[in-house]
Amino acid sequence: MAENKIPYKIYLEEDEMPKAWYNVRADMKNKPAPLLNPGTHQPMTAEELGGVFCEELVAQELDNENPYIEIPQEIRDFYKMYRPSPLVRAYCLEEKLGTPAKIYYKFEGNNTSGSHKLNSAIAQAYYAKKQGLKGVTTETGAGQWGTALSMACSYFDLDCKVYMVKVSYEQKPFRREVMKVYGASVTPSPSMETDIGKKINAEHPGTTGSLGCAISEAVEVAVKNPGYRYVLGSVLNQVLLHQSVIGLETKAALDKYGIKADMIIGCAGGGSNLGGLIAPFMGEKLRGEADYEIIAVEPASCPSFTRGVYAYDFADTGMVCPLAKMYTLGCDFIPSANHAGGLRYHGMSPVLSQLYDDGLIKAVSVEQTKVFEAAEQFARVEGILPAPESSHAIRVAIDEALKCKETGEEKTIVFGLTGTGYFDMVAYEKFHNGEMSDYIPTDEELAKYRAKLPDVK
């Protein structure tokens with residue numbers, strides 16, 4: 001099809017939406033390592049995981065064999081409120097850069113939660129309701145996941161308790177108010193409401209918190225309250241499974257116009273967006289059907305891929321969750337308070353960690369001032385104010401497009417625009433006022449956290 005026939009926005013029809021999630025683990029030769037019981041160091045059983053997670057989600061978490069898992073009709077009906085999401089050709093950005101590269105972005109911010117997180121939130125709330133639970137607990141960093149889960153729980157009349165990383169709670173008052181609109185309770189973490197929160201505050205006076213801290217508190221509350229389970233917005237296999245709708249729609253939209261991606265770029269914190277975006281493309285790569293250059297972009301202030309170690313570690317700071325084999329900075333790692341936005345988890349998805357260790361994914365880290373420069377450049381020419389998280393991918397997409405300008409290569413670049421930045425104006429304000437710096441942890445700091453990794457044989 002001629003290039004001038006490709007529209008600015010490629011939409012799928014409702015009947016072209018995915019009817020099943022794609023489970024990339026089924027095509028992985030080297031499966032992600034199992035979660036381990038922190039006491040025995042043996043693989044977690046379904047029964048053990050069922051004390052924390054919903055039963056159906058446990059089954060999805062442990063399923064390494066089935067390539068496709070049907071999306072229940074109730075979830076597909078909910079998806080139709082904001083899906084399929086558009087795949088946009090960034091013609092204006094291409095022109096401004098003067099690049100021969102073709103740039104596309106998958107926009108996931110066209111729902112009230114403002115991000116891709118709703119794709120998994122509605123699934124997890126659905127399975128909790130189906131199980132007859134009273135409510136769920138969770139953590140949130142920048143606030144997108146907490147907002148999405150609040151919406152999903154409201155839809156299914158479930159109670160929702162959110163533990164929000166303290167620095168984000170203070171910097172993003174409107175994000176927490178949106179959660180309250182949907183009926184959620186929102187607590188800054190670490191709090192004085194839980195045993196683990198009290199312990200963390202005692203050991204780290206004045207701490208601004210981390211996702212690891214918030215996870216510990218949410219798990220404690222779920223375990224202590226009958227009729228509740230804990231749900232997580234990233235990292236876990238089940239979450240990457242649900243987010244595969246992003247990649248499946250992206251692949252279908254590209255195929256519809258005969259477009260072949262050369263490079264796929266996504267921001268990486270815990271891995272949900274990146275894992276979802278690349279899923280079907282990685283499947284083709286694993287099966288030897290096609291090849292793609294896949295780049296994970298993470299913040300230099302929380303560089304689990306590029307400076308972490310591949311080892312078993314606790315998924316949370318309180319050390320109550322299962323051990324996961326992943327690229328990690330150490331469960332005690334807390335990003336600098338100057339770190340804006342999400343992407344602040346100390347580790348990376350076990351699925352993505354295995355793919356990275358196998359050399360199937362590349363990773364780069366970027367400083368946040370350069371990220372915000374790219375965010376403003378994108379906003380001025382493409383008309384969307386991007387979330388800081390998404391802007392990591394924008395930064396590298398621009399850099400790669402400029403490389404094409406130098407070499408004359410006509411690469412097709414696809415990146416994930418995970419959400420909007422309208423609740424991130426404190427960070428934008430700091431950037432404009434010159435108050436934002438690029439704090440990067442030293443080797444000595446990271447070594448201190450690595451020294452505390454559990455000894456798993």
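Which residues line the largest pocket? They are Ile-196, Lys-199, Ile-200, Glu-203, His-204, Thr-317, Gly-318, Met-319, Asp-332, Ile-334, Tyr-449 and Lys-452.

Before going further, a word on what you're looking at. This is a predicted model, where local features need pLDDT of at least 70 and side-chain atom pairs count only at pLDDT 80 or more, while totals for chains, interfaces and linings use all residues. Residues are numbered from 1 along each chain as its sequence is written, and side-chain values use heavy atoms, with hydrogens and water left out.

## Pocket and cavities

Let's stay with that pocket for a moment. A pocket here is an open set of points on a 1 Å grid over the protein atoms alone, with protein on both sides within 12 Å along at least five of seven lines; a cavity is a set of points where a 1.4 Å probe fits but cannot get out, and lining residues have an atom within 4 Å of a point. Volumes are the space filled by probe spheres set on the points, with grid points joined across faces, edges and corners.

The biggest contributor to the lining of the largest pocket is helix H9 (residues 195-203), which gives four residues. Helices (H or I, at least four residues) and strands (E, at least two) are DSSP runs, numbered from the N terminus.

There are also seven cavities of 30 Å³ or more. For the linings below, Ala, Val, Leu, Ile, Met, Phe, Trp, Tyr, Cys and Pro count as nonpolar, Asp, Glu, Lys and Arg as charged, and the others, Gly among them, as polar.

| Space | Volume | Lining residues by type |
|---|---|---|
| Largest pocket | about 240 Å³ | five nonpolar, three polar, four charged |
| Largest cavity | about 380 Å³ | eleven nonpolar, 15 polar, four charged |
| Second largest cavity | about 120 Å³ | twelve nonpolar, no polar, no charged |

The largest cavity has 30 lining residues, and Lys-117, Leu-211, Ser-234, Gly-270 and Leu-343 lie nearest its centre. Strand S6 (135-140), H6, helix H10 (211-224) and helix H12 (272-287) each bring at least two residues to that lining, with H12 giving the most, three residues.

The second largest cavity has a lining with no polar and no charged residues. Among the residues around it are Leu-35, Phe-53, Ile-215, Tyr-230, Pro-322 and Tyr-345.

## The sheets

Now for the strands, where two of them pair if DSSP finds at least two bridges between them. Met-263 has Ile-413 of S15 as its bridge partner.

Another open sheet has four strands in the order S8-S7-S6-S9, with parallel pairing. Its edge strands are S8 and strand S9 (228-230), which each pair on one side only. On average, neighbouring strands of this sheet are turned by 20° against each other, direction ignored. Strand S7 (residues 159-165) pairs with S8 in the parallel sense over five bridges, and Val-165 has Ser-189 of S8 as its bridge partner.

## How helices pack

Two packed helices are described by the angle between their axes and the distance between the axes. Axes are lines fitted to C-alpha atoms, for helices over the stretch in contact, and angles run from 0 to 180 degrees between N-to-C directions.

Take helix H6 (residues 144-155) and helix H8 (residues 173-181): their axes come within 8 Å and cross at roughly 15°. So H6 is roughly parallel to H8 (angles under 35 degrees count as roughly parallel, over 145 as roughly antiparallel, 65 to 115 as roughly perpendicular and the rest as oblique). H6 passes H8 in a left-handed crossing, meaning the near helix is turned anticlockwise from the far one by less than a right angle; clockwise would be right-handed.

Helix H11 (residues 237-256) and H12 have axes 6 Å apart and pack at an angle of about 55°. That angle makes H11 oblique to H12, and their crossing is right-handed.

## Backbone details

Which peptide bonds are cis? One runs from Arg-83 to Pro-84, with omega near 0°, and Pro-84 is in the loop between helix H3 (73-79) and strand S4 (87-89). Another runs from Ser-189 to Pro-190, with omega near 5°; Pro-190 is in the loop between strand S8 (185-189) and H9.
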